[in-house]
Amino acid sequence: MENDKPLILIHSQMKYLSDTSSEGVNIMLTPQFYTIKRESLPVQYAYQAKRIAPSLFEGLLENTQDYTYFVQKEEDDWLFIAYDIEKIKSFLISKGLALTNISKMYFAEQSAAQFKAPVLLGDNNALVNLNSTMTVIPKKVLQADEKPMKIDKSFTPKKGLALEGRSKALIGNTETYTLATILVLFSVIYFVEGSRYGGEDAEQEAQMQLLLEDYPSLQSSYKRESIASKYKVIDKKERKKRDVIKSLSHMIFKGSTLTSLVLDDKSFQANFACKDAKTSKKLKDLAKKEKFNISQIHKSHDVKIEGKL
Amino acid sequence: MTQQLKAYKNEIIVILAFLLLLIALVYKQGKTSTVNSAESTATSSLQELKEVIALKKVWGDKKITKKVEKLQKIVSPSKIKWNRKGKKLTATFTSLSSQEFNRLIVKIMNLAVELQKLDVRKTGTSYHVELKCKW
């Protein structure tokens, strides 16, 4: 909670702060760092008041462009505060206050009602509430019976300002957390996806184990290779022979008769008797499709088909 | 945390989150490629095993002798000359009708034996078949 952090009063005579809370601090600026104006304006919202703020300070400030404006609605008036943030930042740094360590910045004016007694600012000045306006006066003008007080956390107003660019960060807090959340979310997705991988592998492994249990003689990969190489040769050769027989059987049709077939390990030779030239041609076409060697038997329509296995 | 580090808190958070993402990505990619390669090895091993089993079932069939013996039942014994020695067969089928011839050829084609010789001759309307095979 911002209001729980220590509140440091910032004034020009303040000492160098060597030790500030690492949890962060809030700062309250004295009028030495800002200019105020109270105006009764017929505006309803702060953003409307803020829009007209620069024109209110014309003539009061040297260069209104260097200033930033803070507005707050009071009972009857609008409180306008003009401040030079760069000057404030430089001052804070010169006093050992790291901008990154500052949570919120407030103006003494916001807590004017709580300044019931003077607050000493160094050895020479005091901050007092004069007719509801915070003012820095010389200490010596204070009346003798006036007992100075110190400010604490209870002086922290509700509305504060975050120091824009208080760190050298290129990315804002919101963007940082959004981006980090997205990146972490994707990381989680990738981790989960990665860890889920491998299910199929286990399934295949189980299937393999099951098959090996049924065929224990195939446990050894050498044995598997030896069996495979032995049977693959036979399988290829025998399939070829059967394919040839099947192809030749398709060449038996009306007018074409198989008269002989000799098939061994290396080759085959088949003779077909054809009733006429048309049948012979059809047969030769079929044989050509199968890329068999064809020869016409002399003085007949018969066809000899042969090939290597 | 030093002030310097604190100043770049946001960038550090984003860099750390990005690093986490990179690690997760590398982890996923690593796991994917490892698993893919393991899967492809497992797939090829499984495929190879299935193929060996299938080949063994066909060409190493222990009941093949019985199946070969059944060739004798296709035609009447008078048309057959049967000579089987262990896992080698020499058989002659004579005077086969077209139907008998077709049945015999289909049976022979479906037998997982190594055909050493198949000699078919047609004389008139009958077929003469000589078969030499081993298993």
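Modeller: Please keep in mind that this is a predicted model. Let us begin with the strands: strand 10 of chain A and strand 3 (residues 114–123) of chain B run antiparallel and are joined by five bridges.

Colleague: Which residue stands opposite B:D119 in strand 3 of chain B?

Modeller: That residue is A:V262.

Colleague: How many residues of chain A are in contact with chain B?

Modeller: In general, the size of an interface is often given as the accessible area lost when the parts come together. Here we may count residues instead: 50 of chain A are in contact with 45 of chain B. On the side of chain A that touches chain B, two or more residues come from each of helix 3, helix 4 (199–214), helix 5 (221–250) and strand 10 (256–264). Helix 3 gives the most, with 12 residues. By class, that side of chain A has 25 nonpolar, 12 polar and 13 charged residues.

Colleague: At what angle do helix 3 of chain A and helix 2 of chain B pack?

Modeller: Helix 3 (residues 173–196) of chain A packs against helix 2 (residues 9–59) of chain B at about 15°, and their axes are 8 Å apart. An angle under 35 degrees counts as roughly parallel, so these two helices, helix 3 of chain A and helix 2 of chain B, are roughly parallel to each other. Their crossing is left-handed.

Colleague: Which residues meet there?

Modeller: Helix 3 of chain A contributes residues including A:L183, A:F186 and A:Y190, while those of helix 2 of chain B include B:F18, B:L21 and B:K28. This contact has 16 nonpolar, five polar and three charged residues.

Definitions and conventions:
Residues are numbered from 1 along each chain as its sequence is written. Chains are lettered from A and ligands numbered from 1 in the order in which they are written. This is a predicted model: local features need pLDDT of at least 70, side-chain atom pairs count only at pLDDT 80 or more; totals for chains, interfaces and linings use all residues. Axes are lines fitted to C-alpha atoms, for helices over the stretch in contact, and angles run from 0 to 180 degrees between N-to-C directions. Helices (H or I, at least four residues) and strands (E, at least two) are DSSP runs, numbered from the N terminus. Angles under 35 degrees count as roughly parallel, over 145 as roughly antiparallel, 65 to 115 as roughly perpendicular and the rest as oblique. A crossing is left-handed if the near helix is turned anticlockwise from the far one by less than a right angle, and right-handed if clockwise. Two residues are in contact if their C-beta atoms, placed from the backbone, lie within 7 Å. Ala, Val, Leu, Ile, Met, Phe, Trp, Tyr, Cys and Pro count as nonpolar, Asp, Glu, Lys and Arg as charged, and the others, Gly among them, as polar. Two strands pair if DSSP finds at least two bridges between them.
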